[in-house]
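Me: Hi! I'm new to this one, could you walk me through it?

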Amino acid sequence: MKLEQLLSRGLHEMSLDLSPLIQGQLLQFLQTLEKWNQAYNLTAVRDPEQMVPRHLLDSLAVLPYLHGARVLDIGTGAGLPGIPLALARPDLAFTLLDSNAKKTRFVRQAAHELGLKNVTVVQERAEKFHPEQKFDTLIARALASIPDMLASSQHVVAPHGCFLFMKGVIPQEELAAVAGAYQAQVQALHIPGLDAARHLVILTQR
């Protein structure tokens, strides 16, 4: 099946209404990622037909849960989920953070080619990142454990902000470890074409 059809069908199943222009930009991002991946090994997923569900649709599944005007993508890697989300929500300001120079170089290039005015790329470790303004939503995709992520990044979340942690199975032990300080909501995510459990952990400070 063509990538356009895979993406369009997947978005329809997820009840996400993105314009043909944005869908074209999402596929342009995949093309850039595929090209750079051959030299820089940015992602283990090589097949573009697999990239649609595992990178694009998986990233976009959290769209309904973004909160506030400023979003920080911690450990963005190859710009996931930050770049797809920034394409879908041009009204929000996204900062994409990663300590790996090779990956931030790619993300800067991809954002430039896509003409994304709402993306700032920062090469830094989360615990050493001290922005002038704090963030309403902090998002991380399958990175370290939740307690470790909170320890390294809670200093950059605004009052009443939230953390979105994209996980596979529900991380019960990790949630138990932070239950005293944070209120947790766990949302099962359906990603068309992805035959694996996906959950979104939404944390707010008590």
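Reply: Happy to; we can go through rings, a few charged residues, a helix and a pocket.

Me: Great. What should I know before we start?

Reply: This is a predicted model: local features need pLDDT of at least 70, side-chain atom pairs count only at pLDDT 80 or more, and totals for chains, interfaces and linings use all residues. Residues are numbered from 1 along each chain as its sequence is written, and side-chain values use heavy atoms, with hydrogens and water left out.

Me: OK, rings. How many aromatic pairs does a search of the whole structure find?

Reply: Five aromatic pairs turn up in the whole structure. Rings of Phe, Tyr and Trp (its six-membered ring) pair if their centres lie within 6.5 Å; planes under 30 degrees apart count as stacked, over 60 as edge-to-face and the rest as tilted. One of the pairs is F29 with F106, a tilted one at 6.2 Å centre to centre and 35° between the planes.

Me: Which helices do F29 and F106 lie in?

Reply: F29 is in helix α2 (residues 20-40) and F106 is in helix α5 (residues 101-113), so the pair ties together parts that are 77 residues apart in sequence. Helices (H or I, at least four residues) and strands (E, at least two) are DSSP runs, numbered from the N terminus.

Me: Are F29 and F106 buried or exposed?

Reply: F29 is buried, and F106 is buried as well. Buried means under 20% relative accessible area, exposed over 50%, and partly exposed in between (1.4 Å probe, protein chains only). Ring pairs also link F29, W36 and F106 into a cluster.

Me: And what about F129 and F135, how do their rings sit?

Reply: Their ring centres are 6.2 Å apart and the planes are at 35°, so the pair of F129 and F135 is tilted. F129 counts as buried at 10% relative accessibility, and F135 counts as buried at 1%.

Me: What sits over the ring of F135?

Reply: The charged end of R70 does, 4.3 Å from the ring centre. For that, NZ of Lys or CZ of Arg has to be within 6 Å of the ring centre and within 35 degrees of the ring normal.

Me: Switching topic: where does R141 sit, and what does its side chain reach?

Reply: R141 is in strand β4, and R141 counts as buried at 18% relative accessibility. The R141 side chain reaches the backbone oxygen of R54 at 2.3 Å and makes a polar contact with the side chain of D58 at 3.0 Å. A polar contact is a pair of N or O atoms within 3.5 Å; within protein, one must be able to donate a hydrogen and the other to accept it, and residues adjacent in sequence count only if both atoms are side-chain atoms.

Me: Which residues is R141 in contact with, leaving aside its neighbours within four places in sequence?

Reply: Those are R54, H55, D58, S59, L80, P81, M166 and R198. Contact means heavy atoms within 4.5 Å.

Me: Where does R198 lie?

Reply: R198 is in the loop between β6 (182-188) and β7 (199-205), and R198 counts as buried at 12% relative accessibility. A polar atom of the R198 side chain lies 3.1 Å from the backbone oxygen of K167.

Me: What about H199?

Reply: H199 is found in strand β7 and is buried, with a relative accessible area of 14%. The H199 side chain reaches the backbone oxygen of G168 at 2.7 Å.

Me: Which residues of helix α3 are buried?

Reply: In α3 (residues 48-60) they are M51, V52, P53, H55, L56, L57, D58, S59 and L60. Their cover includes α1 (3-13), α2, α4 (82-88), β4 (135-141) and β5 (157-167). At the start of α3, a side-chain oxygen of D47 reaches to within 3.0 Å of the backbone nitrogen of E49.

Me: Last one: what lines the second largest pocket?

Reply: Of the 14 residues lining the second largest pocket, the closest to its centre are I74, G75, A126, E127 and L143. Helix α6 gives the most to that lining, with three residues.

Me: What counts as a pocket?

Reply: On a 1 Å grid over the protein atoms alone, a pocket is an open set of points where a 1.4 Å probe fits, with protein on both sides within 12 Å along at least five of seven lines; lining residues have an atom within 4 Å of a point.
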